[in-house]
Amino acid sequence: MLILLYLLPFIGILYGLFHWQQRESSLSKVVFAGLFAGLVYGLLLSFSSLAKEVLLWVNIVGNGYVQLLKMIALPLVFVSILAAVAKVERASAIGKISFFVIATLLLTTAAAAFIGIVIANLFDLNAASLVAGEAEKARGASMLANQDKTAALTIPALLQSFIPSNIVASLAGLGDTAMISTVIIASLLGIAALQVARKDALQGERIALCVETLQIWVLALVRMIIRLTPYGVAALMVKVMVSTNAGALLQLAKFFVASYIALALVLLMHAAIIYASGRNVKDYVRKVLPVLTFAFTSRSSAATIALNIEAQTQALHIASPIANFAASFGATIGQNGCAGVYPAMLAIMIAPTMGIDPWSFSFIASVIVVVVIASFGVAGVGGGATFAAIIVLSTLGLPIELAGLLISIEPVIDMMRTAVNVNGSMTAGVVTQRLLGKKLSALDSAQR
């Protein structure tokens, strides 16, 4: 009964957001209202002894929303890419899109790693000064156990893992590379549709009509779920406020501040790239802020794919083939935050404990090269930042268990890392749109 009393304000927040959403045409305004309301309620709830019990009920809304977004991610990517490819006159355009998207993701990850290295050195971060508790030791042991999983990972094996062997399994999201496999399957089916259309125009038209109908159906589902964003964000902010350990933040404040500064600098780098691409940065930020807000609160790049694609195509007017490739690859390859900044900073922190000069040019160059390779390899093993750290540290011969010392502040830093990951994928979309010019825009207009 007491838990219900604590839940009443949250129920009131959801009710208020619902009524405002009926009157307010701007979804982003309602999303920010939900974020602020969730923050305030979560802060007050964190002082209660029943906070964790109440959070179990609040998580039904927050985690449920994230699960719905994950549910639609693969169908959305599949049908959107299939529809886009089926409308492209030349299959070679797909190769160009993939090349520019992946190249942008990897280059920005290299730059993000360099930023992380510089900031870690300027803050004189050193893992030797950290104290390990029981949770930290357990995390370190877990990372050591997972090291064997990455030891056998090679670039040829990674590339081979992208090739789908079972369409149903890939579309069901089974396996660490399901997203990339889905992109490949959709692209191949789209190219096959082009070949059918060349040989038999009538059959080609029938396939195109079926694909268009399926796309309209899936997009209707996506829009239904996206309208739930204010409630999901409110619940996720409550979870953040209740789950955050303030004492741990103070204890590891130096690394926390350095991480946020490095990640903020990566966002500034993205802004510079977007400006160089001919975009108005202020207008860009206004349009993508709701997406980055959700990425920040959900801590899931995959769950943000639907919002990511929606923002690129509807708000930024990026051609749907580019938007879908950028969002899909950006959730698995070249994550600027999780696979760029984070492992690079860890390497610099741990280097002094092994007698390595963190300012050494050869060491810095080695870290950047390994980070770029690992950012491509994370998609092959799953697990985001943790596995990126394992790959980088083990490749450099550094003790990976020391990374477990940061477990207490990991969730709070991961929020900003995820936002940077998602912004990096949208930046790749902007760059690719700029490089490919009007050709893809014309194709996208024909598709719509």
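**Helix contacts, pockets and confidence**

Guide: This is a predicted model. Within it, Ala193, Val196, Ala197 and Lys199 of H8 touch Ala201, Gln203, Gly204 and Ile207 of H9.

Visitor: At roughly what angle do the axes of helix H8 and H9 cross?

Guide: Helix H8 covers residues 178-199, and its contact with H9 includes Val196 on one side and Ile207 on the other. By class, this contact has five nonpolar, two polar and one charged residues. The two axes come within 5 Å, and the crossing angle is roughly 145 degrees.

Visitor: H13 and H14 also pack together. Is H13 roughly parallel or antiparallel to H14?

Guide: The axes of H13 and H14 lie 10 Å apart, at an angle of about 180 degrees. Angles over 145 degrees count as roughly antiparallel. Therefore H13 is, relative to H14, roughly antiparallel.

Visitor: Which residues in H14 does H13 meet?

Guide: The contact of H13 with H14 divides into five nonpolar residues, one polar and one charged. From H13 come Lys287, Val291 and Phe294. Their partners in H14 are Leu307, Asn308, Ala311 and Ala315.

Visitor: Which element supplies the largest share of the lining of the second largest pocket?

Guide: This pocket holds about 500 Å³ of space and is lined by 20 residues, with Leu27, Ser28, Lys287, Pro290 and Glu310 nearest its centre. Helix H2 (27-45), helix H9 (201-226), helix H13 (281-298) and H14 each give at least two residues to the lining. With five residues, the largest share comes from H14.

Visitor: How many of the residues lining the second largest pocket are charged?

Guide: Lys287 and Glu310 are among the residues nearest the centre of this pocket, and Lys and Glu count as charged. The lining as a whole has eight nonpolar and six polar residues, and the number of charged ones is six.

Visitor: How much space lies in the largest cavity?

Guide: The structure holds one cavity of 30 Å³ or more. Its lining includes Ser301, Thr304, Ile305, Asn308, Ala327 and Gly330. The space in the largest cavity is about 40 Å³.

Visitor: Which helix gives the largest share of the lining of that cavity?

Guide: Among the lining residues are Asn421, Val422 and Ser425. Two or more lining residues come from each of helix H14 (305-315), helix H15 (320-330) and helix H19 (410-436). The lining divides into four nonpolar, six polar and no charged residues. The largest share, three residues, belongs to H19.

Visitor: Which residues does leucine 50 touch, leaving aside those up to four places away in sequence?

Guide: Leucine 50 sits in the loop between H2 and helix H3 (51-87). Tyrosine 6 is 44 residues away from leucine 50 in sequence, yet their C-alpha atoms are 8.5 Å apart. The residues that leucine 50 touches are Leu2, Ile3 and Tyr6.

Visitor: In which helix is confidence lowest?

Guide: The chain averages a pLDDT of 82, and 83% of the residues score at least 70. Confidence is highest in helix H12 (residues 253-276), at 94. Over residues 131-136 the pLDDT is below 50, and this stretch has eight contacts in the model beyond near neighbours in sequence. At a mean of 52 over residues 134-151, the helix with the lowest confidence is H5.

Notes: Residues are numbered from 1 along each chain as its sequence is written. This is a predicted model: local features need pLDDT of at least 70, side-chain atom pairs count only at pLDDT 80 or more; totals for chains, interfaces and linings use all residues. Side-chain values use heavy atoms; hydrogens and water are left out. On a 1 Å grid over the protein atoms alone, a cavity is a set of points where a 1.4 Å probe fits but cannot get out, and a pocket is an open set with protein on both sides within 12 Å along at least five of seven lines; lining residues have an atom within 4 Å of a point. Grid points are joined across faces, edges and corners, and a volume is the space filled by probe spheres set on the points. Helices (H or I, at least four residues) and strands (E, at least two) are DSSP runs, numbered from the N terminus. pLDDT is the predictor's confidence in each residue, from 0 to 100. Contact means heavy atoms within 4.5 Å. Axes are lines fitted to C-alpha atoms, for helices over the stretch in contact, and angles run from 0 to 180 degrees between N-to-C directions. Angles under 35 degrees count as roughly parallel, over 145 as roughly antiparallel, 65 to 115 as roughly perpendicular and the rest as oblique.
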